[in-house]
Structures are given as C-alpha cells and as structure tokens.
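Student: Please walk me through how to read a few features of a model. Take them one at a time.

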Amino acid sequence: MKLKKQVTVCGAAIFCVAVFSLYLMLDRVQHDPARHQNGGNFPRSQISVLQNRIEQLEQLLEENHEIIVHIKDSVLELTANAEGQPVVLPFHMPNGSWMLPPESRPPSFYSVSSQDCQFALGGKAPKTDLQMLAVSALLPYDNQDGGVWKQGFDITYEPNEWDTEPLQVFVVPHSHNDPGWIKTFDKYYFDQTQHILNSMVVKLQEDPRRRFIWSEISFFSKWWDNISAQKRAAVRRLVGNGQLEMATGGWVMPDEANSHYFAMIDQLIEGHQWLEKNIGVMPRSGWAVDPFGHSSTMPYLLRRANLTSMLIQRVHYAIKKHFAATQNLEFMWRQSWDTDSSTDVLCHMMPFYSYDVPHTCGPDPKICCQFDFKRLPGGRINCPWKVPPKAITSANVAERALLLLDQYRKKSKLYRSKVLLVPLGDDFRYDKPQEWDAQFLNYQRLFDYLNAHPDLHVQAQFGTLSDYFDALYKRVGIVPGMRPPGFPVLSGDFFSYADREDHYWTGYYTSRPFYKSMGRVLEAHLRSAEILYSLAVSHARHAGMDSKYPLSDYAMLTDARRNLGLFQHHDAITGTAKEAVVVDYGVRLLHSLVNLKRVIVDAAHYLVLGDKEAYHYDLATPFLGPDETRLNQDSLPEKTILKLDAAPRFVIVFNPLEQERLSIVSLLVNTPRVRVANDEGQPLAVQLSAWWASATDMAPEVYQVSVMIRLQPLGLTVLQVSKSFDSHNTLRSSVRLFLHGRDLPVRKHEAFPVRIVPAATDDFCLENQQMRACFLGPSGLLKSVHHAGEEREQRLQSQFLIYGTRSTKDKSGAYLFLPDGEAKPYTPKDPPVVRVTEGPFFSEVAIYYQHIQEVVRLYNVPGVDGLSLEVSCLVDIRDHVNKELALRFSTDIENKGAFFTDLNGFQIQPRQYLKKLPLQANFYPMPVMAYIQDRQSRLTLHTAQALGVSSLSSGQLEVILDRRLMQDDNRGLGQGLKDNKRTCHRFRLLLEQRSSAETAQDGRPISFPSLLSHMTSMHLNAEVLVMPVAQEKPPPTALRSFQPFSATLPCDFHLLNLRTLQGEDDSLPSTETALILHRKGFDCGLEARNLGFNCTTTQGTLSLGGLFQGLELASVQPSSLTLMYPLAPASSNSTAVHLGPMEIATFRLRLG
C-alpha cells in the first residue's frame, strides 16, 4: 500500500510538472511586448515572428519531454527503493538552469483592490505653497556676501512699526547635551550633565520668572535615578508651573538622515513613556537644533504623537536666506501624500548660522555675542569678534537694552508675526551656578528696562518653547495645531545640508558604515524579540504558566530599546563621534544584541513546546543556541556550525515578517552526509555547497546546507537535521574557479566538483525561472539582466570607483564630502579570482579583489526572493589614504537626472540632479532604497544599511560604501576617519517593468515603491533567524511549529511592533501591549507576475478580533503614536481597525 501511495504521489507530480511546463511554454509563446503596445496588431515582420515562435515551441516541447523522462526515472528509482519518503527533486534543464518541481500546495493568491491603486495616482490634494524640490530648482545658490549677516542680507525697519502691535520676545534658555560625541555618554553625564540639572533645580526655584527647556531623556532618566525624592518633587513642581519644559521628549535628538523609522518611533516611545510614568507630562513641541539636515518623517511622527509645533535649525544657508527674504521661515509642514492637512505641523526654522548665542539674538553675531554672559571677561571663553560682553548695571542698561532691541526687531522682520523666539544656550551650557546667575540676572535687568518703557513697544521675558508657540497662536487668534492665517504650507525635506560655501554635509551618510549596519541588525533583533516576548508572555498567561516564564527578560528588552535609542543620536549613527566614543556605542550595541538573542531564544523555546507543562527555564543553559556569534564589538558575525550524528538535531526557524515567505534557509554542518526533515519527519530536498575560507580554499569539515521552506507569518518552524548516508535528497552545487592567469593553490573536497579555468574567459550567465543575469568574463562583474518573457536584455553593469579628496585646506572628513573631482575606476594590483557556484536553490558569482569581495546571488525560488539579485560586498579599505570607495550601477534607463531615495524607510522623496551644484551636493541619504526610472523600467537598489547615494549621470545609481579620511573637517570633532573595519554591505537589485505609464495626476512630486519592492526590502531587512536546539540530544518533549495568526494580514500592512508595556516595577511587564501598524503606500503601475504572495488588500481594514490564534483579545484602544493620548475608549467588541494609506497607528491591546 505504501509503495502504491508513493507511485500515486509521484504520478501526480509528473502530471503537475507537465501542466506547469506547458503553462510556462504557452506563457512565453503568447507574451509579445510588441502586440501589447500595438493593441493586438501584429508588427510588419509577421512571418519571421511566427517562425521564431514555432521554433521556440519546438524547443519547449523537447524540454518538456526531457522533464517528463526525468520524473519517470525518479519514480522508477523511488519504486525500486520503497523505503524513505518520496521527494520530487529539482533537476537540470538542457539550458543548464535548474527546474523546481511545483509545490504540493494550492497556487498563491494575490489580489489588489482597484481603490487601493488610486492612492499612488494622487487625487484632489490641496496645493502646497512651498515644494522643496521646486524651491531648489529655482534658487541660484550664489553665496553672496550679505554684510554683518554674512549669508543673508541687510535688514531695515521703521521705528514706528510696533506702535499698534508691540513686539513680544521670548528668550528660551536651553542646554544642548549630546549623548556622546567628544566624550562618551557616561563621561558627559559625570563631567557636565548632572551639574547642569542639579543647578537647574536650584536656580529655577530662585525666581518664578525663569524658564528652561530640556530635550534628551536618556540623560534626564540617568540623573533622575540618582536624585532624592525631594528633588524629584521639585522637578515635578517646576514642570507643573511651566518653568521647565520637556521639548520633543525623545530618548535622544535623533539623526534624521540615517535613522530608520522603527528606531525613530521606538526612541520617541521610550522617552514619552518614561516622562508619563515619572513626571506625568506630555511634550507639546519639538526641538531639533543639531541634526544635520531635516527629514519630513519627523513632523509626521511628532504630529501622530500629538505634538502641534516644532523647531529646526540646520538647513542649507541659501534656503534660509530665501525663506527669510520671503517671510517663510514659519510654515505648516505637510506630508506630500496628505490630501486633508491632517499631517500639518507648525514649524519654526531658525534663520541664522548656528544655535549658539552669537547667532540667535539677531543678524549681527558681533553684537549678539556681547549678550552671552558666559563670555564675560575673565571667563574661559570669549567673543571671536573681539568685543566682550558687559555686565548690565543701572549705568549701562539703557544703552545695552536698546542695542539688543535693535537685533530683536531686525530678527522679527524675517517672520510674519510680532512674536519673537530667541534661544539662549549652546552645547552643555549652564553647567556651573555662576553661568546661571550671569545669564538670568543680566537678562532680567534688560527685560525690566525694556518692559518699563512703553514707548519702546516691546515686552520681553524668559519663556519655554511652548510659551512662544502659545503666544503666537494667541496673537493670530487660532487654537494650537491650526494653520495661522497667511502662513505657507510646505512639503518636502531639508537635505542635503551645507553650512557655508560648498561644504556639504553628505559624507556622514556613509561614515563608519560598520556601525550603521550593526545598528540595523540590532533593530531587526529588537523587533523580533519584542514580538516573540509579547506572544510568549500572552500565551503563558493564557495557560496560567506566567509564574514559570522568565518575565525578567523584560529588563533586557528595556536596556536594548535604550541602547538602540542612544545610537539614533545625531553623533552616533552618523559616524561623527570620537573613536573611543564609537567603541562605547559598539559595546552597547553588541551587549544588547547578545541579550536580545537570549530573549528571542527564551520566547521561541516556550512557543514551540508541544507540552507547555514540561517548560523549564534554565538561566545557565538556554534550550536554544544562537545562529551566529560576534567575538568583539567590531567583529563580523561568525555562523554557528552544527555537529551532526544519526540522532536528529532540532533547529527552530523564525520568520520575522507578518507575511508568509518562501525562502532558502541555510545552515553550516560538519558533514556532507546530511538529511533535513520538517517537524513531521518528511525529508526536504537539500542543496549542499562548499564553505569557503578564502577565494580558493574550501573550509575543511564545514558544509553549507540549504533548503527551501515556506514559513508562516511571524511563525516558528521546526526542522530536524541529522547525519545520513542516504544522499538521494542531496543535490551538490558545482563550482567553476576563474584564476585569470594567477598561480594560486586551490584546496578542495572530493565532495564538490570544481572546474579550474586558468586564463581569461567569455561572459557567462546565471538563470532561474524568472530571470537571467549575465556577467563579464574577465572581471566577473554584473553586465546585464533578462527577464523571462521579455525580448530585450537590459544593461545593468556594476563598477567599483574611488573618490579622492581635495588638495586645498578644506578636505573631506567625518561630516563633509569634498571630493577632488569625479570618481576614478578602482584598479587593484591583481586581476580578481572569480568563483561561480551553481545549484538547484541558488547560484552565485563571488569576485575577490584586494579590498572588496563581492557576491551576486540569484535564488531559484518562486516569488519574491527569485525576482531580484542579492548583492553583498565585504569591504576593507584600511590601507587607503584619503579615499572613498563607491559602487556604481549603469543602465539604459533614461531618468534625466531624476532619482528617488527613501526617508527613514518610511517614504520616498523624489530628487533631481542639479548641475549648478557641486558633485557632493547631489548625494542624499539612503536608509533602505533608491531608484531610477523611465517610462519603461524602474531599477531599485535595496539596502540593509544606511549609505549615501546619487545619480550623477543618466541611467546611473551610485552608492558610497566606505570612507577613510586622515584629517578633521573643522566641525568640532578633531579627528579624521581612520578606525575603519571590515564591513559587509548587503543589497538587493530589483529591475521592474512599467505596465502603466500613469504618474500622480495632480502634479505632486510623490512616488511609491511597488508591493514587490516593499516585500523585497522586508526580506532583506528582516532576515530569517535560525536557532539550533543547544543540547545535542533529542529534546524531552515534542516540538511543534508555532503559527501566531489565524488569518493573513493585508499585503500593504506592516506590523511595525508588538511592544509589551512597562509594569509598575520598571523591570517587569504590564498586561498591556502596544500594537503599531503601518499601511504602506504602493504603486500598482509596475508589472507584477510570479510574485508568490499569499495576501490581498482590503482598503485599509483589518479585524484584530480572532487574529491571534489561541489568545483572546480582551480590549483594543486606539491611541496616539507614543501611547500618551487615548483616541477612543477601550473596547472589547469593536476590534476592526482602519488605516489610510501611509498612516502609522498605535493600539493598546490586552491579550489573554
């Protein structure tokens, strides 16, 4: 009976393959782009086309015959050997590619609602007054000398302008505290920050008119942990009476170029939750004086956290001048896709060079510096303009007050209202009681004089940021959050930033890429750990097992949130801190990465146990081991090698995506004789590949085992791996090694056929069912891509390049990119070794240069992974001097200078190459993707780490991989970039064809990735986690795959986080969880075939009731982004939620 069943299964497989092949054949024969374009009319050369089609048909029939013969042979082999389960294996096609058998499951379903496609085409959106792409196109960027305000112009006014409406001035004392830059976070805290905050409590209480604002909760929480209950009560009073304001309230003031929106939101939640719990305050205004350029993602996140106003400072000096001249420095910042102004935030842009005192009271720094009373004669710092401040006395107060008022009036002429904001502070200011006295006493004397003279028509006082915005709203007669009459609406962002001349801050988009990458790895692990911890704790509570579960893992989660948050600081992820500080960040990242692996392992252990009663948590010996380890904070990860014997080793595979995925999962084992089975013991087909220690050396006793598995959304899948002498299900990959004339020894195993090609060779190609990628023979570099069913091969060439730096005084450094001209080709001293590996599940080309190892891999997988090329570059430029390494892709796409980069992985911002600007000004941040397109094609470069990107010529996309620079660039760091590491960059290259030439109908510069592009980015950034069972013996109880969802999430929904909220005890969880969802905007106009998705779109509706399998949803409460404001009452009945496209929404859940 068993034999009969096997033959029946295999017979059915033959039938499926035959039908599938005929379907592919007909699909290829029918697909004629010319016919589609000509509305069904044949082109003139009908007969030759038909002849070609007939020849193709004959060839395909022949291939089909060979397929059936192959499967018949497989069936005969199986019937002869009736033991073991039948596995229909992939097999070689006559053209050299591998054919996969159809899966024994229904075909994927994929359906997009036509209404969901309308969003990317735009609608009747209100027009914005200022679109930053258009502003940049019009500005001359001529850098004319403006007099005392060097980058601006002379400001004049009439003395009677304020007679009817007096000038209201708010002087806002602040201290900008970097959580790491020249010193480490802890050193800054002990040397300066604690003293600033201690003095603040004393000095603000001395006079109720005094005000102060604070931003960085990372420092504030550390100080709070070290102060008395009495001092805490005083702080709460100061906040309560409005003397102390928490501005923004994030864990840090994050970089806005390289940071990913998951981490930006996470550090904002961490800060807001801390403030709510400890002080009971909700921030109202955003304060960002130091990030090096500003992203439009930030106003969106602040608005969704219920902040209504914000301030920014570091914007290109030419844009500041233009906005000042047109009184557009205050505007409503609106998202480019917004049709109903629901994303509007009032934004105040500071007009001058810096946020220090000389550049904040007015246009003349020589005068403003005289009102920085820390610089009084005898102090440690003075005024570079050679005129020192004078202490205010009754003898000089009239003259000094009028001098200052003149600056205030001039500054106010740049704004539309008669309310003026004057920040008073700088980096780590107010760290001594003497400075508090000098600033507050002298300014109060000035205010008293001004306010006592009604003929001056001015009222001056200390204020907080929100005091200023409240007064502005009151003066124009509207409620906070509404648009003041006459204020412009702006959309777009403020990259790239230049502070003077052609000094563009575009180098930091790539500086220290090793840590940029490590930060993203930690981020992916934090998201996985949050989700698995929340699920495990909820299931344990549901089963009454929470007393046995290590709830204390929550402390490790909190620590990781804070370390990831700290790394988003604008001197951390940017790569612009001192070397010792960078090491400190690296140690924190690694510490949290190790801890998060532990949190993940503990949760996975509980969730896969068949018998939960058998669960036993052992701190000393975790049930599961890590997939990889890092020796040090600056080491690349090393994969765990599984030691196998006849008894199966169990391996747990976690899919961090909220969508099902068909992926290749690879393990390293110590034997080539291997059997892999699923949790039911059914064997899987295996690709066995060599593991290479170098270009020509196979690592001894290490083998790579790859299997194709369909993984459930956020699911844990159990695999069994054992040593087996039955090699029927194992397919070995073949290797060709091109030495290009180099006399190199080759170490190989008998297990793998290796063909050594000593001299230069012809071009060669890799192929799967969907595409063919071709490479240049001499270099091994990518040359072209051809998609199945298309007539045209598309040029897609890659090339490595080197930028130098200038020979003049100003050179590139950690912040600045100042190249010495266009890039030159990278020319290594030896020709590369090229290694081509081909197998049933993936094939790859590895190129070994002196400083770069590049691997281009093509997966033979139906669906997402098989539709793009995976590119990884291992870069080591530690012997370079003042050089930057770039990777450029060249195509025939006619993008005419237009290209597109993402902002924080959240949205796409169109860019335009501007010839009037220097080369370095045309680079932009790329946290997750960049693309170029024309009416036919779109090429997207997906990235797993933030880097700088540009398109400097038509058809090109170029990314900076690493920078080694020997000098400081005079922005305060005092060091070059000499601590480079061996760094691995990971990319995906996706070439898509346009099926519709429609773009946004309302002329807005908006663009969206396709759903396939979104999925590709998710696959790259949310890698499958593989966890072997640590004990080498079989586990005591059955392990079962775990599937958390009972239904599929819509294709355009992303589960950003499932974050267990803090309990009363800081180190333990509460019973509430924050569910954060993002509905992605997408472009339907790109051809989508063979996607392999199993999802649909639902116009933004999702039912949460019953979504979590085995759990009850006790209540759902919509809330503001950071959970500070409930948006509706909690409900147990109404569990359907709705999100508009691009929206992020947070829900407070009780699961049980």
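Student: Which residues does UniProt list for "domain: Glycoside hydrolase family 38 central"?

Tutor: The unreviewed UniProt entry lists residues 503-589. UniProt positions follow the numbering used here, feature names are shortened, and annotations may be inferred rather than shown by experiment. Over residues 503-589 the chain is 64% helix and 0% strand. The end C-alpha atoms of that stretch are 31 Å apart. Helices (H or I, at least four residues) and strands (E, at least two) are DSSP runs, numbered from the N terminus.

This is a predicted model: local features need pLDDT of at least 70, side-chain atom pairs count only at pLDDT 80 or more, and totals for chains, interfaces and linings use all residues. Residues are numbered from 1 along each chain as its sequence is written, and side-chain values use heavy atoms, with hydrogens and water left out.

Student: At what angle do H7 and H8 pack?

Tutor: Two packed helices are described by the angle between their axes and the distance between the axes. Here H7 (residues 217-224) and H8 (residues 229-240) pack at about 140°, with axes 11 Å apart.

Student: Which residues of H7 and H8 meet?

Tutor: Phe 220, Trp 223 and Trp 224 in H7 meet Lys 231, Arg 232, Val 235 and Arg 236 in H8. Contact means heavy atoms within 4.5 Å.

Student: What is the strand order in the open sheet of 5 strands?

Tutor: Strands of a sheet pair through backbone hydrogen bonds, either parallel or antiparallel. The order here is E17-E19-E22-E21-E24, with mixed pairing. Two strands pair if DSSP finds at least two bridges between them. E17 (641-642) and E24 (730-732) stand at the edges, each with a single partner strand, so one side of each lacks a neighbour in the sheet. E21 (residues 686-692) and E22 (residues 698-711) pair in the antiparallel sense over 5 bridges. Leu 688 stands opposite Val 705 in E22.

Terms used
Axes fitted to C-alpha atoms, helices over the stretch in contact; angles between N-to-C directions.
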